[in-house]
4 protein chains.
Amino acid sequence: MPTTKTSAKKKPQAPASPERRRELLGIAAEVFAAQGYNATTVRKIADEAGMLAGSLYYHFDSKESMLDEILSTFLDELWDGYDTVLAAGLGPRETIEALVTESFREIDRHRAAVAIYQKESRHLVDQERFHYLVDSQVRFEKAWLGTLERGVAAGVFRADLDLRLTYRFVRDTVWVAASWYRPGGQHSPEEIARQYLSMVLDGIAPRA
Amino acid sequence: MPTTKTSAKKKPQAPASPERRRELLGIAAEVFAAQGYNATTVRKIADEAGMLAGSLYYHFDSKESMLDEILSTFLDELWDGYDTVLAAGLGPRETIEALVTESFREIDRHRAAVAIYQKESRHLVDQERFHYLVDSQVRFEKAWLGTLERGVAAGVFRADLDLRLTYRFVRDTVWVAASWYRPGGQHSPEEIARQYLSMVLDGIAPRA
Amino acid sequence: MPTTKTSAKKKPQAPASPERRRELLGIAAEVFAAQGYNATTVRKIADEAGMLAGSLYYHFDSKESMLDEILSTFLDELWDGYDTVLAAGLGPRETIEALVTESFREIDRHRAAVAIYQKESRHLVDQERFHYLVDSQVRFEKAWLGTLERGVAAGVFRADLDLRLTYRFVRDTVWVAASWYRPGGQHSPEEIARQYLSMVLDGIAPRA
Amino acid sequence: MPTTKTSAKKKPQAPASPERRRELLGIAAEVFAAQGYNATTVRKIADEAGMLAGSLYYHFDSKESMLDEILSTFLDELWDGYDTVLAAGLGPRETIEALVTESFREIDRHRAAVAIYQKESRHLVDQERFHYLVDSQVRFEKAWLGTLERGVAAGVFRADLDLRLTYRFVRDTVWVAASWYRPGGQHSPEEIARQYLSMVLDGIAPRA
DNA sequence: GATGAATGAGGCTTCATTCAT
DNA sequence: GATGAATGAAGCCTCATTCAT
């Protein structure tokens, strides 16, 4: 049940093999993440793909539609994972644990998309086309904040904290990791999740 | 003892009233932070300042030099604060507390600059001109990581965590706040610092 | 009896002391000659004069009017000298000798103006304002070519040469010297004139 | 054995038809020569070529690189010709005759480039990129001055002249012709060379 | 006489995009 | 599927010029 809709295509752009598309989008995502969307030229992407700038337009409508497809694909997959977790009927603490772990898995698989999302979503939401980013954020907040509230009610989270602050704290703590995470590094996503959870839940000071 | 160097000026830059410069830099920083450096046109800044695009060049060499001045001014002031803390001879836990509090104060005073720093520093460091960002990062890591290490040795921080991961966790946790913080909001920087420290040090799960 | 007219002035620009004007024009001429008129910014001239660009407009209407005044002043003085020679009733060979000598004297006194004239007059003549350059050129050609013709008729110049070519040869030979001549060098203008005349009249091959 | 270096190219410049490049460079050279490099706008060149200003940048890096290519191409060809002459083992007088003739041929084929060279080389040499102009000038002086010296030693040139002055005299005499020469005029380059040589070698006064 | 600050026009360049081949 | 060449809009920056002080 994806939130995002891939925007309608004017020109019958079916012919291009979906594999080549995915390959090109991967390259584009990497460059967008490294240099920023605005600073990335279509030519740079084409260079990286071993073709000329104009040739990209056989595969995609525009630079923006590449960005769109990268972000919406990522969000679709993210919500697949989140929805599975949320539907599992876990307790609040276990839900948080599962969401954090799932998040690091997504960072592992979509590092570039996540980095782009972090950097660009703020300005993007002003555009009609990217309104689905707002929808996603709303659902996101509902899921996390709701779980935190359930947890406070259940006594598994501290009651003396500002919950919105706590929400932002947990959310940022996780996602900002995309800025330094490198797939194939020494820590698996699950291992990183475990350590993060340990800090978030129990703090960095030793328990008495 | 600032890390940053104010770039050499061929032409008698800054002969004019430093007040106007600061005013314009404030406007520029706001726009850079809101739209991203690359996406910000010089005309947009000028519009905001009520002048024509070309007129900005009476005060600044280039768009890039505005960015430079915004960032280096911020870093100079940041290090003023940090150095004071680091020279105070506090224990590791108190040092972390003081650094976090100082950081939120800087976010309060330089919100735009911090947001720009977060978003742009990655690509900027490739340029000679912004090499001081790297220097600052190195010092930054040394200060934080060193304090964490001292804390582990002293037994005031947990010994079972990957320290680099912990460093990133604490660092990001603090600075990412610039992305949503709005000066003059309901929480003072000190109050936010207190809550953050509470979470970072003790976790969000209740102590037994 | 100057050929050139200093263009009419809209604003009563009398107040500026003529000495300061001449001083500033000297500076401007030097820069125009060194960098080319178009490549010279008003600010560069002002820098050289120790003032700000805007201040020059107290003394002059425009950059172009500086150029105008530099060139017309030079041409006025040149024609003072030429007219004296032409009115002296000399024979053709002596006239050529006197004109060449007078030319090197002008180069000595107005090196910058001459260099500017060489480089810029071609495009300038298209403008109404600089039409006097054409007038001067016409008179110039008349004086030199006429003298050469008289000389051929009198048998003091070779009859087997294309006279227009000869005219250009002599003319260029003399004036192009402004591109390398430096006042105060080892050769006086008169000495250079003597050597040039020796080459032009007798050639560089030894006489049998 | 060209003196000039074709500047390094980051981007695969010149992948396209060299014919189009040469065509465009020809147009650019013509405009540069007519109006001066600085006074020539990129749009003017594009207009002349029947395209938009931006389109030129498909073929060239910058306005400056057009100038560079025009000058270096000219100098390469000039030195091809000169080197052939210098390697031929002629006597000094015959060498001078051959160099002058070759020079007029180059003026005939590269009139615009020569005119540009005359007008712009002075300021250009200050830039790293155009340092090859200095190299060329040094070689040029060596070739001409050396030949003159040989000639004086051999008794075929007068011994009573300042040789540096003579060198400049001959050099300027020849090259300044580019300012008025029009290909396809009534005189062939060889005919002009013959007359120039006659004047330079034997003077304009009749031999006794 | 000069300064400080701004204007406005225009210049060079970049870049997403198009399209005939 | 891709290339080569071009378009057109827009961006950064320069500079002659103006004018209140």
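How many residues does the contact take from chain B and how many from chain A?

Tutor: This is a predicted model, in which local features need pLDDT of at least 70 and side-chain atom pairs count only at pLDDT 80 or more, whereas totals for chains, interfaces and linings use all residues. Residues are numbered from 1 along each chain as its sequence is written, chains are lettered from A and ligands numbered from 1 in the order in which they are written, and side-chain values use heavy atoms, with hydrogens and water left out.

The contact (heavy atoms within 4.5 Å) takes 40 residues from chain B and 41 residues from chain A. Between them the two chains bury about 3900 Å², of which 61% is on carbon and sulfur atoms; buried area here is the accessible area, with a 1.4 Å probe, that two parts lose on being put together, summed over both. On the chain B side, Arg158(B), Phe169(B) and Ile204(B) lose the most area to chain A, and together they make up 19% of what that side buries. The count of salt bridges between chain B and chain A is 0, a salt bridge being a side-chain nitrogen of Lys or Arg within 4 Å of a carboxyl oxygen of Asp or Glu. Over all chains, a search of the whole structure finds 62 of these pairs.

Chain B itself holds some of them. Arg20(B) and Glu23(B) meet through their side chains at 3.3 Å, N to O, and both lie in helix H1 (residues 18-35) of chain B, 3 residues apart, about one turn of the helix; helices are DSSP runs of H or I with at least four residues, and strands are runs of E with at least two, numbered from the N terminus. Arg20(B) is partly exposed at a relative accessible area of 24%, and Glu23(B) is also partly exposed, at 47%, where buried means under 20%, exposed over 50% and partly exposed in between (1.4 Å probe, protein chains only). A second pair joins Arg171(B) and Asp172(B) at 2.9 Å, N to O, and Asp172(B) is buried, with a relative accessible area of 9%.

Phe140(B) has its place in helix H7 (residues 131-154) of chain B and counts as buried at 9% relative accessibility. The C-alpha atoms of Phe140(B) and Phe60(B), which are 80 residues apart along the chain, are separated by 29 Å.

Within chain A, Glu64(A), Asp68(A) and Arg129(A) are linked in a network of salt bridges.
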